[in-house]
Amino acid sequence: MAMVRILMSLATIAILFGSTMAANHTVGAPKGRWDESTDLTTWAASETFLVGDSLIFVYTPNHDVLEVRKADYDSCQTTNAISTNGGGMTIISLASTGKRYFICGTGGHCASGMKLEVNTLATVPVVPPPSSPPVKSPVSAPSPKIAPKISPVSALSPKNAPKISPVSAPSPKSLAPTPKNAPKSSPAASSPETPSLPPSSSDFVPTSSPSSSPSVPSSADKISVIASSTVGFGLVIMMLFFM
């Protein structure tokens with residue numbers, strides 16, 4: 001047991017000193033080592049081996065490390081080993097890319113699972129970051145069609161309305177006959193038996209035209225008015241005299 005502890009310490013020191021240049025992989029660590037109880041296949045799947053790294057086998061004296069070919073690895077054949085290593089600790093340098101195979105040469109140990117397959121890579125595989133889904137640009141809503149502006153029917157302005165001249169009614173002045181236009185009536189011939197009396201001033205009714213202003217009497221009319229007034233005045237004197 002003391003020997004195993006010494007080997008484990010040496011392996012740890014080797015890992016610390018070699019970590020500045022390349023990675024050192026202690027087989028089965030941290031929960032196991034090179035033995036029958038460690039799941040070496042699962043451990044190898046969790047590691048990444050690159051060119052320049054090293055494998056460190058730590059084991060007890062009843063085990064050893066044999067590097068074999070693929071066919072001997074599958075059949076656990078120990079007679080055609082590429083190399084045989086013992087002494088409790090073995091360091092294998094991974095100097096090239098590709099797969100390498102290791103088994104334990106003790107009888108029955110390889111069949112019990114004490115075997116290791118290592119795949120050495122040139123560089124660390126770059127895992128692409130998860131691609132973000134493409135940003136979909138928002139679909140622009142179709143712009144509404146601009147409807148043509150319909151100007152309201154403008155009402156006819158008073159300026160544009162046709163002017164309707166009212167039918168002018170004939171003025172009363174033009175309808176009523178004026179004394180100038182009135183037909184002159186010849187004085188009636190008085191019979192010798194019954195002289196006709198001139199009409200009194202009270203019976204005389206001047207004819208007024210429908211117009212607002214009276215028409216100017218002619219000279220003939222003035223003479224007839226004076227004559228009528230004289231006759232009337234004489235009749236009044238006679239009536240006063242016989243009373």
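## Sheet and core briefing

T26 has I56 as its bridge partner in strand 3. Keep in mind that this is a predicted model, where local features need pLDDT of at least 70, side-chain atom pairs count only at pLDDT 80 or more, and totals for chains, interfaces and linings use all residues. Residues are numbered from 1 along each chain as its sequence is written, and side-chain values use heavy atoms, with hydrogens and water left out.

**The sheet**
- Strands 1 and 3 run parallel and are joined by three bridges; strands here are DSSP runs (E, at least two residues), helices likewise (H or I, at least four), numbered from the N terminus.
- They belong to an open sheet of three strands, order 1-3-6, with mixed pairing (two strands pair if DSSP finds at least two bridges between them).
- Strand 1 (24–26) and strand 6 (89–93) each have a single partner strand, so one side of each is left without a neighbour in the sheet.

**The nonpolar cores**
- The largest nonpolar core has 17 residues, and W34, L55, F57, F102 and L116 have the most contacts inside it.
- A nonpolar core is a set of buried Ala, Val, Leu, Ile, Met, Phe, Trp, Tyr and Cys residues joined through side-chain atoms within 4.5 Å; buried means under 20% relative accessible area (1.4 Å probe, protein chains only).
- Helix 2 (40–45), strand 3 (54–58) and strand 8 (115–121) each give two or more residues to this core, with helix 2 providing the largest share, three residues.
- Apart from this core lies another one of six residues, including V68, Y73, Y101 and I103.

**Around F102**
- Leaving aside neighbours within four places in sequence, F102 is in contact (heavy atoms within 4.5 Å) with residues including W34, L55, F57 and L116.
- Y73 is also among the contacts of F102.

Definitions and conventions:
Buried means under 20% relative accessible area, exposed over 50%, partly exposed in between (1.4 Å probe, protein chains only).
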